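Please read these notes with the model open beside you.

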Protein chains: 2
Amino acid sequence: MTETVSLSLAEAEALALRVLAHHGLPPGHARAIARVMVAGERDECHSHGLFRLLMCTRSLREGKVACHAEPLVSQRSPAVVAVDAQFGFSPLAFEVGSQHLVEKVRRTGIAALVINNCFHFSALWPEVESLAAHNICALAITPAHACVAPAGGRLAVFGTNPIAFSWPRPSGNPYVFDFATSAVARGEIELYRRSGRPLPVGWGIDADGAPTTDAATVLQQGAMLTFGGHKGSALATMIELLAGPLLGDLTSLESIAVDGAIGGTPRHGELILAFDPSFFSTSAPGADQARAEHLFEAITGQGARLPSQRRFEARARSMAHGVSIPRALHDDILALLA
Amino acid sequence: MTETVSLSLAEAEALALRVLAHHGLPPGHARAIARVMVAGERDECHSHGLFRLLMCTRSLREGKVACHAEPLVSQRSPAVVAVDAQFGFSPLAFEVGSQHLVEKVRRTGIAALVINNCFHFSALWPEVESLAAHNICALAITPAHACVAPAGGRLAVFGTNPIAFSWPRPSGNPYVFDFATSAVARGEIELYRRSGRPLPVGWGIDADGAPTTDAATVLQQGAMLTFGGHKGSALATMIELLAGPLLGDLTSLESIAVDGAIGGTPRHGELILAFDPSFFSTSAPGADQARAEHLFEAITGQGARLPSQRRFEARARSMAHGVSIPRALHDDILALLA
């Protein structure tokens with residue numbers, strides 16, 4: 001059994017803040033990053049939890065990320081706001097930008113937040129969930145580092161290109177999904193490689209474009225595949241376009257070229273769309289929500305799950321009892337304070 | 001060999017207009033519908049071509065569709081316009097609404113067109129392509145009739161819920177996709193049933209939710225599946241929410257309940273988003289387009305295809321040589337004029 005260390009959510013946040021401050025991050029950045037890392041740990045998305053402190057501090061030590069970058073806001077239209085992260089981490093840029101996004105969408109019904117030039121390591125669900133808390137429906141997309149081949153191809157073009165969506169619900173947690181348009185997360189294939197297990201068919205190809213179940217081949221010579229064949233490939237293309245060239249920012253191919261090698265935190269843009277339901281419908285208040293709840297019941301009533309259900313269950317546990325992380329990870333994190 | 005009848009595009013349009021007028025459709029509706037049907041025939045999307053005259057006129061004869069419905073425009077915000085189709089067919093509502101959408105997006109950078117209470121039988125690609133012609137990037141979604149089960153379930157909740165996207169390209173045709181979030185189109189499963197062939201695994205389930213390759217079982221007692229497992233299922237849910245309750249309009253479950261049986265033209269809403277690239281990027285004009293073209297080259301340069309490539313090839317042929325339709329279909333269409 002792995003030995004673990006138990007932390008309250010406040011303790012986890014304080015630990016993250018200490019580490020980030022120790023590495024020179026100013027309070028605004030440190031707080032925004034600690035918040036998303038603790039949210040990841042709390043929801044038992046461990047790969048987006050405190051573990052990320054290791055990568056985040058490495059990026060800072062390597063000097064790739066602008067530690068003191070101040071997000072720079074520019075109003076592009078009544079419905080479009082842009083934040084230049086100035087080569088800093090994304091969470092503060094999102095926090096600053098999302099306040100403007102909420103103000104805009106209250107006046108225009110639909111609005112967009114553009115984030116440029118950010119280093120992105122966080123999941124997208126904390127972002128769309130934070131907008132759902134304002135009773136706003138949100139969609140977020142980003143490119144990543146190119147490691148995924150298009151349907152019918154053999155060379156990596158797309159990143160894992162996540163898409164996240166939230167729909168506010170009258171009681172409790174929003175409807176939220178956040179998934180990679182690759183067949184699986186890259187980290188999942190890493191885990192198969194470490195354990196020497198064969199991959200399920202459909203996750204990756206070799207250098208000739210032939211299906212392979214060898215994780216090392218997929219990671220080193222071949223490429224990952226999108227989910228859902230040519231349809232997933234089309235969605236991955238759309239995400240490249242809308243969160244890359246549309247914003248004047250990097251595609252996944254360009255992000256990896258800038259990085260020089262797979263492994264660094266991807267640098268690129270992000271597009272977040274917000275919808276204020278009150279502008280879209282003339283139905284009586286509550287009628288549309290009831291319609292949506294009826295849809296959710298039709299799904300869960302037959303035993304199917306909604307996305308994020310597991311995450312919300314984990315959240316309830318963590319809110320009550322705190323989190324526990326492997327002692328080895330805790331030691332590694334404490335070593336960052338040396 | 002099937003005997004065919006050759007028609008120029010002008011002849012095809014004139015034929016469609018005659019049939020629609022004969023069935024009482026006023027000129028505005030008739031022109032809008034003829035335009036999308038001829039576009040379908042021209043691009044060799046035969047199921048959305050002149051063949052649809054048979055279904056369209058049946059809907060009119062049955063009195064379900066409001067023949068003389070005038071699309072009613074309402075401005076909801078600087079960035080949101082809604083068109084109440086008043087239970088008429090969708091193409092005229094889109095034409096009327098899209099003019100407002102283009103005006104809005106030129107001022108706000110992002111804008112939305114809501115269509116309510118329309119009978120929808122057309123593909124979405126003619127709509128997003130028409131916006132690309134204005135140098136606008138567009139996304140369109142609709143629910144349909146419920147016939148698709150959520151991942152992990154067994155009962156139909158979603159329609160085939162299509163999503164279409166366009167990206168204007170400097171020379172020639174835009175980047176366009178338009179696909180169902182079901183594993184395949186429902187018509188495809190009908191074809192398997194008629195020919196008695198077994199379905200590929202993953203297209204449908206039986207009444208107990210078990211995978212089946214029997215087309216009749218899927219169509220009558222079971223349900224279709226989404227593409228891409230739980231990710232496709234999440235996207236189908238998003239489309240239900242954004243093009244249903246968000247707009248105060250029907251979900252696929254409600255659309256089929258209103259219809260009373262699978263078979264009639266679905267009645268529901270539609271959401272179209274428009275993006276004017278000039279508001280999203282501060283790059284030099286052309287730089288973003290070049291970045292997008294580089295992405296497309298990375299896909300096509302390795303032998304993978306872009307979506308719609310086949311359709312654009314068919315279009316070029318039809319523009320040069322006209323279209324040919326089976327004589328039996330031509331006879332059936334002429335019989336509609338009796």
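1. Start with a helix contact in chain A. A:G28, A:H29, A:A32, A:I33 and A:V36 of helix 2 meet A:P91, A:L92 and A:E95 of helix 4. Two residues are in contact if their C-beta atoms, placed from the backbone, lie within 7 Å. Helices (H or I, at least four residues) and strands (E, at least two) are DSSP runs, numbered from the N terminus. By class, this contact of helix 2 with helix 4 in chain A has five nonpolar, two polar and one charged residues. Ala, Val, Leu, Ile, Met, Phe, Trp, Tyr, Cys and Pro count as nonpolar; Asp, Glu, Lys and Arg count as charged; the others, Gly among them, count as polar.

2. A word on the source. This is a predicted model: local features need pLDDT of at least 70, side-chain atom pairs count only at pLDDT 80 or more, and totals for chains, interfaces and linings use all residues. Residues are numbered from 1 along each chain as its sequence is written, while chains are lettered from A and ligands numbered from 1 in the order in which they are written.

3. Next, the geometry of that pair. Helix 2 (residues 27–42) and helix 4 (residues 90–108) of chain A pack at about 95 degrees, with their axes 8 Å apart. That makes helix 2 of chain A roughly perpendicular to helix 4 of chain A. Axes are lines fitted to C-alpha atoms, for helices over the stretch in contact, and angles run from 0 to 180 degrees between N-to-C directions. Angles under 35 degrees count as roughly parallel, over 145 as roughly antiparallel, 65 to 115 as roughly perpendicular and the rest as oblique.

4. Now chain A as a whole. Chain A has 12 helices and 12 strands. Its radius of gyration is 20 Å, close to the 20 Å that the globule rule gives for 338 residues, so chain A is as compact as a globular protein of that length. The radius is taken over C-alpha atoms, and the rule is 2.2 Å times the number of residues to the power 0.38. Along the principal axes, the C-alpha atoms of chain A fill a box of roughly 55 × 50 × 45 Å.

5. Burial and contact range come next. Of the 338 residues of chain A, 56% count as buried. A residue is buried if 20 or more other C-beta atoms lie within 10 Å of its own, exposed if 12 or fewer, and partly exposed in between, with C-beta atoms placed from the backbone. Take the contacts in chain A between residues at least 6 apart in sequence: 63% join residues at least 24 apart.

6. Two cysteines in chain A deserve a look. A:C118 lies in strand 4 (residues 110–119). A:C118 is buried, with 30 other C-beta atoms within 10 Å. Beyond its neighbours within four places in sequence, A:C118 contacts A:A85, A:G88, A:F89, A:S90, A:A93 and A:E270. A:C45 sits in the loop between helix 2 and helix 3 (52–62). With 18 C-beta neighbours inside 10 Å, A:C45 counts as partly exposed. A:C45 and A:R311 are 266 residues apart in sequence, yet 7.6 Å apart in space, C-alpha to C-alpha.

7. Check the backbone at A:S308. Its phi is near 75 degrees, a positive value in a residue other than glycine. Most residues other than glycine have a negative phi. A:S308 is in the loop between helix 10 (287–300) and helix 11 (309–321) of chain A. With 22 C-beta neighbours inside 10 Å, A:S308 counts as buried.

8. How is chain B laid on chain A? A turn of 180 degrees and a shift of 0.0 Å along the axis do it, with an RMSD of 0.0 Å. That is the relation of a two-fold axis. In chain B, the C-alpha nearest the axis belongs to B:G228, 2.0 Å from it. Copies are superposed by least squares on the C-alpha atoms of residues with pLDDT of at least 70 in both.

9. Last, the interface. The contact takes 56 residues from chain B and 56 residues from chain A. Several elements of chain B each supply at least two residues of the side that touches chain A, including strand 4 (110–119) and helix 8 (229–243). That side of chain B divides into 34 nonpolar, 15 polar and seven charged residues.
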